[in-house]
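Take a look at the model below. We will go through it step by step, from confidence to contacts to a few details of the backbone.

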Protein chains: 2
Amino acid sequence: MNSTAADPLPSWNDGRAKEAVLAFVARVTNEGSSDFLPPAERIAVLDNDGTLWPEQPIPFQAAFAIDEVKRRVVAEPTLASDPMVQAALAGDLGTLLAGEHHDGVMQILALTHAGMTTDEFRAAVEAWLASARHPRYGRRYDELTYQPMQELLRLLRASGFKNFIVSGGGADFMRVWVERVYGIPPEQVVGSTSRTTFELRDSGPVLTKTLNHLFVNDRQGKPVGIHQFIGRRPVLCCGNSDGDHAMLQYTTINNPRPSFGLIVHHTDGEREYAYDAVSKSTGKLVEALQEAPERGWLVVDMKRDWNTIFRPE
Amino acid sequence: MNSTAADPLPSWNDGRAKEAVLAFVARVTNEGSSDFLPPAERIAVLDNDGTLWPEQPIPFQAAFAIDEVKRRVVAEPTLASDPMVQAALAGDLGTLLAGEHHDGVMQILALTHAGMTTDEFRAAVEAWLASARHPRYGRRYDELTYQPMQELLRLLRASGFKNFIVSGGGADFMRVWVERVYGIPPEQVVGSTSRTTFELRDSGPVLTKTLNHLFVNDRQGKPVGIHQFIGRRPVLCCGNSDGDHAMLQYTTINNPRPSFGLIVHHTDGEREYAYDAVSKSTGKLVEALQEAPERGWLVVDMKRDWNTIFRPE
């Protein structure tokens with residue numbers, strides 16, 4: 001810990017947060033410890049938007065969808081007369097999110113996330129990542145991951161944990177780049193999903209994306225998704241919003257195994273963004289923050305606890 | 001290969017089948033080979049019923065459901081007047097499967113696979129496994145796995161493959177015992193699923209099983225399930241019935257990576273069961289068998305190719 005060479009979390013400032021993380025990992029991996037966990041039980045679940053990379057000024061997948069709409073309108077100009085397409089082009093999330101069933105969002109999703117093969121969707125995401133730049137930082141979106149969390153992912157992996165992303169984002173969207181960016185294989189991504197249809201064409205087998213049986217892996221959906229995809233309770237959970245509240249509870253409350261909950265608190269408006277109860281994007285954080293002291297969840301103060309925010313260029 | 005000590009497949013007789021399996025594994029794991037696959041891409045998918053353990057005289061999960069109905073009727077005698085409960089008690093699968101929507105099966109599933117917490121369901125499966133015996137072999141159901149396939153699972157794992165079960169069986173049913181029996185962790189099980197509901201009770205977080213959004217992971221559902229849960233195309237696929245036809249196609253046709261398809265053909269009525277076009281249980285095999293020569297899928301003849309069927313007691 002005092003030697004820089006041996007510090008697995010150099011982007012974390014010395015203090016309570018860093019100590020708590022290191023202490024938990026040591027406690028469950030030290031064979032002499034009464035809290036020792038066999039490697040198979042070291043399941044970590046981590047939210048993505050706002051926990052591993054930013055979700056401001058809008059979630060990155062929403063930026064992808066809007067850019068896709070822009071691209072589509074060029075080829076199909078009649079689309080431009082649609083009020084929801086206009087709202088997307090204007091970045092007007094309020095209009096898109098209005099109504100009980102978020103009809104606008106569903107329409108934009110149908111346009112950008114359904115009706116194509118999974119290979120075509122993958123190619124669209126790759127092309128977008130290669131060309132799009134974040135409006136504030138001017139960098140590729142997939143370069144804007146939090147360096148302290150990258151170090152945490154590496155520490156967990158080196159300590160025998162299996163890291164799973166458990167995100168409200170689309171599984172198909174994330175699986176394009178998570179292996180390259182986080183070292184997490186596609187089969188360790190739990191995200192929002194809908195069913196594809198299978199077909200054997202002359203060119204080979206094809207899966208076509210639809211919005212049928214949409215599963216939104218958010219809030220109470222997160223423990224549901226964890227059970228459905230992973231099939232056992234995690235012992236470590238990282239999130240940043242009330243969307244992660246239920247999976248923090250599922251991970252830590254009356255878990256027969258030792259467990260750890262962590263909340264990334266966005267307190268750094270200078271280097272990143274400062275928000276909790278009020279967010280212009282996703283990421284509202286009220287209930288989970290209130291419950292944190294009672295549950296013993298570690299609240300990481302980005303401004304105080306992290307000496308570096310982003311992965312160096 | 002000639003030394004017994006070095007033979008990873010001692011329950012396989014020498015011959016074309018064994019040679020083909022060993023040659024494929026060597027081809028994709030030999031770094032000097034042009035077909036070398038990095039370990040991350042060594043994804044194997046294996047059906048369960050009829051491929052890793054028997055599905056006769058009825059699928060083992062159906063035996064569980066029937067035994068559960070019997071248990072429930074003792075506590076709730078009014079259930080016994082229900083015609084579908086009577087059909088289940090009589091083992092009358094024909095009545096249960098009748099109708100377009102298999103109402104009888106759905107009713108028995110609702111009785112035995114929904115309305116309880118995931119922990120309660122797990123306990124019911126464990127209790128059943130401990131007490132139930134297969135009618136022909138008199139052994140615990142989870143002891144009746146095919147020894148040659150256990151050896152194949154071990155060979156694949158030792159060769160850097162990640163083995164996934166991709167079965168029409170219920171994921172929650174299989175996850176209770178697959179780690180102990182096959183060395184496959186719960187997160188590598190793709191099965192039929194439905195959604196749970198999350199609730200924080202005084203006793204802690206609870207997931208309750210329902211039949212909502214039932215996903216039947218069979219036939220064309222298998223590639224759909226593979227995409228949804230694993231997120232990449234496998235390179236090795238083992239099945240035994242037309243229920244595995246689509247995933248054999250998905251694995252092997254125009255796959256940019258080297259790939260391998262294997263069909264377990266039930267030809268041994270003496271030691272196990274002999275069936276293909278006609279089966280009293282599940283496991284009908286016609287189309288996949290017809291297509292095997294054209295696709296280069298290996299058809300394993302249980303009688304000829306396996307010198308041992310079951311794991312020794």
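Predicted model: local features only at pLDDT ≥ 70, side-chain atom pairs only at ≥ 80, totals over all residues.

Chain A has a mean pLDDT of 95. In that chain, 98% of the residues reach 70 or more. For the model, ipTM is 0.95 and pTM is 0.96.

Now turn to the two chains, A and B.

Next, look at where the chains touch. On chain B, 42 residues are in contact with 42 residues of chain A. Of the interface residues of chain B, 100% are also interface residues in chain A, so the copies meet through the same surface.

How can we put a number on such a meeting? The size of an interface is often given as the accessible area lost when the parts come together. Here, the area buried between chain B and chain A is about 3500 Å². Carbon and sulfur atoms give 53% of that area. In chain B, three residues lose the most area to chain A: Glu187(B), Phe198(B) and Gln228(B). Together they account for 19% of what that side buries.

Polar links cross the interface too. The rule finds 27 residue pairs in polar contact between chain B and chain A. Which elements of chain B give two or more residues to this side? The strands are E2 (162–170), E4 (196–201) and E5 (204–209) of chain B. The helices are H8 (171–175), H10 (221–229) and H11 (245–252) of chain B. H10(B) gives the most, with five residues. Sorted by class, the side of chain B that touches chain A has 18 nonpolar, 14 polar and ten charged residues.

Charges also pair up between the chains. The count is six salt bridges between chain B and chain A. Arg232(A) forms a salt bridge with Glu179(B). The closest N and O atoms of this pair are 3.2 Å apart.

Finally, check the backbone. A cis peptide bond joins Gln56(A) and Pro57(A), with omega about -5 degrees. Pro57(A) sits in the loop between strand E1 (43–46) and helix H2 (60–75) of chain A. In chain B, a cis peptide bond joins Gln56(B) and Pro57(B), and omega is about -5 degrees. His102(A) has a positive phi, near 50 degrees, and is a residue other than glycine. Find His102(A) in the loop between helix H4 (93–97) and helix H5 (103–113) of chain A.

Notes
Residues numbered from 1 in each chain as written. Chains lettered and ligands numbered in written order. Heavy atoms only, no water. Contact = heavy atoms within 4.5 Å. Buried area = accessible area lost by both parts, 1.4 Å probe. Salt bridge = Lys/Arg side-chain N within 4 Å of Asp/Glu carboxyl O. Polar contact = N/O pair within 3.5 Å; in protein donor to acceptor, adjacent residues only side chain to side chain. Helix = DSSP H or I, 4+ residues; strand = E, 2+ residues; numbered from the N terminus. Nonpolar A, V, L, I, M, F, W, Y, C, P; charged D, E, K, R; others polar. pLDDT = per-residue confidence, 0-100.
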